[in-house]
Amino acid sequence: MQKQTSRSNFSGQLGFIMAAAGSAVGLGNIWRFPYLAAKDGGGVFIVCYIILALTFGFSLLTTEVAIGRKTAQSPLTAYKKINRHWGGIGILACLVPILILPYYCSIGGWIFKYLSIYLTGQGNAAASSEYFSGYISSSFQPLIYMFIFFAITAFIVYCGVEKGIERYSKVLMPILLVMVVGISIFALTLENTGTDGVVRTGLDGLKVYLIPDFSGMSVKEFFVILMDAMGQLFFSISVAMGIMVAYGSYVRKDTNLMRSINQIEFFDTLVALLAGLMIVPAVFAFMGEDGMSAGPGLIFVSLPKIFMAMGEIGNIIGFIFFLIVAFAAVTSSVSVMEAIVSSFMDYFGFTRKKSSVIVSIYTLIVGGIVCLGYSSLFFEITLPNGVVGQILDILDYLSNNCFMPLVAFLTCILVGWVVKPDVIIEEVTQGKYKFKRKWLYVVMIKFIAPIMLLFLLLQSTGLFNL
Ligand code: PFF
C-alpha cells in the first residue's frame, strides 16, 4: 500500500545543499576514506577516487537527484514512475541503508567512546597501540556506546526534528574543516624512530599519500583498489541507496541542480581528502608501511597518537575533534535511519512511530551482533576482495561492494538505454540552467559506467577473477 503525502520543500538552494551535505559528510569521510587510502597504498587510491568522483560520482548524483525532483516521490515509487517495469531498483536501493545502519551505529559508538576518553582526560592511555583492540574486544562497553549513539539517532528521527539539527551543520562543518586542516599540518611535522630504527617523518608519509606508485602492482590488485574507491565514493556521497532520490524529491523546480550537485561533491571530496591527509602521513610516521593496513580501526589507533604528540593541549583538541565528528556521524546516521523509516511508512503504510520502533529493534539486535563480532561472536572470513573480515566488514562489503554497484548498474541501464538520458537532461536544465558536462554525462551513463560496474561487480563477488 502506498501513501501519498504532500511534499514540503527545502528553503531554496542552500537548504538543499546543507541537508545533502549533512548526509554526505560523515564517518565515510573521516573514518572510512583514510583507512582505505592507507590500505590501498595512498596515491593510487587517491587518483582513482578523484577520477571516479568527477565522472561516476557526478553522473550518479545528478541522475538520482534529478529522478527525485522529476517524480517528487521517494525511491520506492520513484523508479516505478520513471518506468513501470523498473520499480525493483527502488526496493534494492532501500536494502542498502538497512545493511549500513547497524554497523554505522557501532562505529558511531566507537566515536562516542573516544569522546568520553578525551572528556575525562585519558587521551594518553588511548594512544597505546593495544588500547583500541582491547576496547572493541571487551564485551559490554561497545554495546553501551553503540546504544547511546543509536538512541540519539532514533530520538531525532522519531521526533522528526532533523531540520533543527541541520541548522548547526552550518556552523560545525566549517569548524570541522578548519580542525582537520590544522591537525593535518601538525601531522606533517611529525618525526618518529620506528622499532626497526628507521626515522620516518610526516612528510615521507605525505609522499606515500599523494604520489601514486604503480610499481609491482598486478592488474588484480589494481582492480581491488578501483573497486574500493568506487564503493567508497558511493558510500561517501550517499548514492546508490535511494537517499539522494529522496532529497531530490524535496528540491524546488527553480533550484539550479547542477550547481548544487557540484558544491555537494566538492565539499564531500575535500573533507575526505583532508581527513586522509590528517591520518595517512601520521600513520606512516608512527607505524611505517605495516601500520597502514590496520583497517576499520585505523583512525582510532593513529589519532590518539597525534593528539598525544601535541602535548597538554592534545586532550582538548581531541575532545573538540571527536565532538564534531560525533555530530557529523549523527547527522549522517539520521539520514540513513530516516531513509529506512520513510520507506517502511511508504511501503507498508506504517505510522512514523511504528516504523521507527521496528527499525530500532532491528538495529539494536544487528548492531549488537556487530559489536560482539569482536568478542563473544568473533569469527573471520576471507572476502572475495582479499580482506580478512569480521561481521562489520562483511556488512560493509555486502553494501558497498555488492549492492551499491548493482543498484548503480541498473540505474545506468534504466537511464542510459530504457528511458534515455534526455529525461535527466531535461530535468537538470529546467529553468534554462546549463548542463555543462552533458556529453560526459551521456557517455558515462550509457557506456563507461555500466561496463565498468558490471566488470567490477563480477570481480568483487568473486564470479570473475583476474
Ligand atoms: N555518506 C555518509 C558518510 O560518508 O558517512 C554515510 C551514509 C549516509 C551512508 C547515508 C548511507 C546513507 F544512507
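Take helix α5 as a way in: at 1.5 Å a residue, its 32 residues should span 46 Å, and the end C-alpha atoms sit 47 Å apart, which agrees. The expected span here is 1.5 Å times one less than the number of residues. Helices are DSSP runs (H or I, at least four residues), numbered from the N terminus.

This is a predicted model, where local features need pLDDT of at least 70, side-chain atom pairs count only at pLDDT 80 or more, and totals for chains, interfaces and linings use all residues. Residue numbers start from 1 along each chain as its sequence is written.

Back to α5. There's a kink of about 30 degrees at Leu101, shortly before the proline Pro102; the bend is the angle between axes fitted to the seven residues ending at a residue and the seven starting there. Of the 32 residues of α5, 27 are buried, so the helix is largely enclosed by the rest of the structure. Buried means that 20 or more other C-beta atoms lie within 10 Å of a residue's own, exposed means 12 or fewer, and partly exposed is in between, with C-beta atoms placed from the backbone. Just after α5, Gly121 takes a positive phi of about 70 degrees.

Now for the ligand. It is surrounded by 17 residues, and the closest are Gly26, Gly28, Ser238, Ser332 and Val336. By type, the shell has nine nonpolar, eight polar and no charged residues. Nonpolar covers Ala, Val, Leu, Ile, Met, Phe, Trp, Tyr, Cys and Pro; charged covers Asp, Glu, Lys and Arg; the others, Gly among them, are polar.

| Residue | Phi | C-beta neighbours within 10 Å |
|---|---|---|
| Lys420 | near 75 degrees | 14, partly exposed |

Ser238 is in the loop between α11 and α12, while Lys420 is in the loop between α17 and α18.

Met404 belongs to helix α17.

As for confidence, pLDDT is the predictor's confidence in each residue, from 0 to 100. The protein's mean is 90, and 96% of its residues reach 70 or more. Over residues 1-6, pLDDT stays under 50. Where pLDDT is low, the predicted coordinates should not be read in detail.

Technical notes. Near = placed C-beta within 6 Å. Helix = DSSP H or I, 4+ residues; strand = E, 2+ residues; numbered from the N terminus. Contact = placed C-beta atoms within 7 Å.
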